[in-house]
Amino acid sequence: MTTATALEARHLVKDFRGFRATNDVSLSVREGEIHAIIGPNGAGKTTLFNLLSGFLRPTSGEVALFGERIDTLPPHLIVRRGLSRSFQISSVFPSLTVRDNMLVALESPTNLPGQFWTPLSRLETLGPRADQILADVGLGDAPDRLAADLSHGEKRQLEIGISLTQDPRVLLLDEPTSGMGSEGVNRVIALVRQVARGRTVVLVEHNMSVVSELADRITVLQYGQVLASGRYDEVRRDPRVIEAYLGEEAHA
Ligand SMILES: Nc1ncnc2c1ncn2[C@@H]1O[C@H](COP(=O)(O)OP(=O)(O)OP(=O)(O)O)[C@@H](O)[C@H]1O
């Protein structure tokens, strides 16, 4: 049985005033897999993420979602096609409760056709959906807490919950464990596994133990180029990858 390609980059190039941050990157993410993008600082991971989600336009090359080009679309239309990315914590409104944050996300313009304000009755129908997603991301017992009072890890849970309001087929997560202690990291690993059920996940991640726990396949970037791509256990043995990035860890 062949697996469909969910997300594909074809010869992507991104230049910033003469500096080539993304250099002929081709990458294929299969439907249903967890795919990690790794690489040293400055390798071009964030730039690639921005290209995949439409927040940057490529200088050349293409991005395709389930076989259809999306690199010419604005981000909100890419979301409607089924690709959603977690934003940094800034997408959370600190002065709202956890549940109200979910309601705001559920009634955002990408979820509802053009209406600036939402009638109370509509918000009420969104409530059960908000509660379900909060339960899925492990915040089912915290609906009335102010987002400002959440721990760093809980904010990331809420943030992932917000990206799930779009019910994406492909979810992009940008360093979901950054700044967390081991307890938070373990919680996020479990959460990513849970949200990956029935969808495709692409994540940028620095923590190699998280990558080894979660990723079916990885793509290693260096100097804006793909150094290696494939199954985690194969790629970690690639001498070029050991040399460039994994270092001591790969010898362990
Ligand atoms: N808007 C921009 N203008 C100019 N240069 C940029 C811009 N965005 C990124 N760069 C450069 O492109 C290169 C890749 O940056 P990018 O943030 O994509 O790397 P990264 O792998 O995500 O790094 P990190 O792990 O440190 O987050 C860096 O040298 C960076 O300075």
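## A covered strand

How many of the residues of strand E7 (residues 170-174) are buried? In this predicted model, 5 of its 5 residues are buried, and the strand counts as mostly covered. Both faces of E7 share in this: Val170, Leu172 and Asp174 are buried on one side, and Leu171 and Leu173 are buried on the other.

E7 also has strand partners. Strand E6 (residues 83-85) runs parallel to E7, and 3 bridges join the two. Within that pairing, leucine 83 stands opposite valine 170. Strand E8 (residues 200-204) pairs with E7 as well, again in the parallel sense, here over 5 bridges. Valine 170 turns up in this pairing too, standing opposite threonine 200 in E8.

Let us step back to the overall layout. Domain 1 is made of three stretches, 1-82 + 172-182 + 200-252, while domain 2 covers 88-167. Where the domains touch, domain 1 supplies 7 residues and domain 2 supplies 8 residues.

Which element gives the most to the side of domain 1 that touches domain 2? That is helix H2 (residues 75-81), with 3 residues. By residue class, this side of domain 1 has 3 nonpolar, 2 polar and 2 charged residues.

## The open sheet

Another part of the model to look at is an open sheet of 4 strands, arranged in the order E2-E1-E4-E5 with antiparallel pairing. The edges are held by strand E2 (19-30) and strand E5 (68-69); each has a single partner strand, so one side of each is left without a neighbour in the sheet.

## Strand E9 and its partners

Strand E9 (residues 217-222) is another mostly covered strand, with 5 of its 6 residues buried. Strand E3 (residues 34-38) runs parallel to E9, joined by 4 bridges. If you want a position to look for, alanine 36 has isoleucine 218 in E9 as its bridge partner.

With strand E10 (residues 225-231), E9 pairs in the antiparallel sense over 6 bridges. Threonine 219 has serine 229 in E10 as its bridge partner. E9 and E10 form a hairpin, with 2 residues between them.

## Around the ligand

Which residues surround the ligand? They are Phe16, Phe19, Ala21, Gly39, Asn41, Gly42, Ala43, Gly44, Lys45, Thr46 and Thr47. Sorted by class, this shell holds 4 nonpolar, 6 polar and 1 charged residues.

Two elements give two or more residues to the shell: E2 and helix H1 (45-52). H1 provides the largest share, 3 residues.

## Backbone angles to check

Histidine 11 is not a glycine, yet its phi is positive, about 50°. This residue sits in strand E1 (residues 5-16). Is histidine 11 buried or exposed? It counts as exposed, because it has 12 C-beta neighbours inside 10 Å, and a residue is exposed if it has 12 or fewer.

Tyrosine 223 also has a positive phi of about 50°, although it is not a glycine either. Its place is in the loop between E9 and E10, in the turn of the hairpin described above. Tyrosine 223 is partly exposed, with 14 other C-beta atoms within 10 Å.

## Helix H5

To finish, have a look at helix H5 (residues 152-164). H5 has 13 residues and reaches 19 Å from its first C-alpha to its last. That span is close to the 18 Å expected at 1.5 Å a residue.

Why is H5 described as largely enclosed by the rest of the structure? The reason is that 11 of its 13 residues are buried. The buried residues are Gly153, Lys155, Arg156, Gln157, Leu158, Glu159, Ile160, Gly161, Ile162, Ser163 and Leu164.

How values were computed
Residues are numbered from 1 along each chain as its sequence is written. This is a predicted model: local features need pLDDT of at least 70, side-chain atom pairs count only at pLDDT 80 or more; totals for chains, interfaces and linings use all residues. Domain bounds come from an automatic or database domain assignment. Two residues are in contact if their C-beta atoms, placed from the backbone, lie within 7 Å. Ala, Val, Leu, Ile, Met, Phe, Trp, Tyr, Cys and Pro count as nonpolar, Asp, Glu, Lys and Arg as charged, and the others, Gly among them, as polar. Two strands pair if DSSP finds at least two bridges between them. A residue is buried if 20 or more other C-beta atoms lie within 10 Å of its own, exposed if 12 or fewer, and partly exposed in between; C-beta atoms are placed from the backbone. A residue is near a molecule or strand if its C-beta atom, placed from the backbone, lies within 6 Å of it. The expected span of a helix is 1.5 Å times one less than its number of residues.
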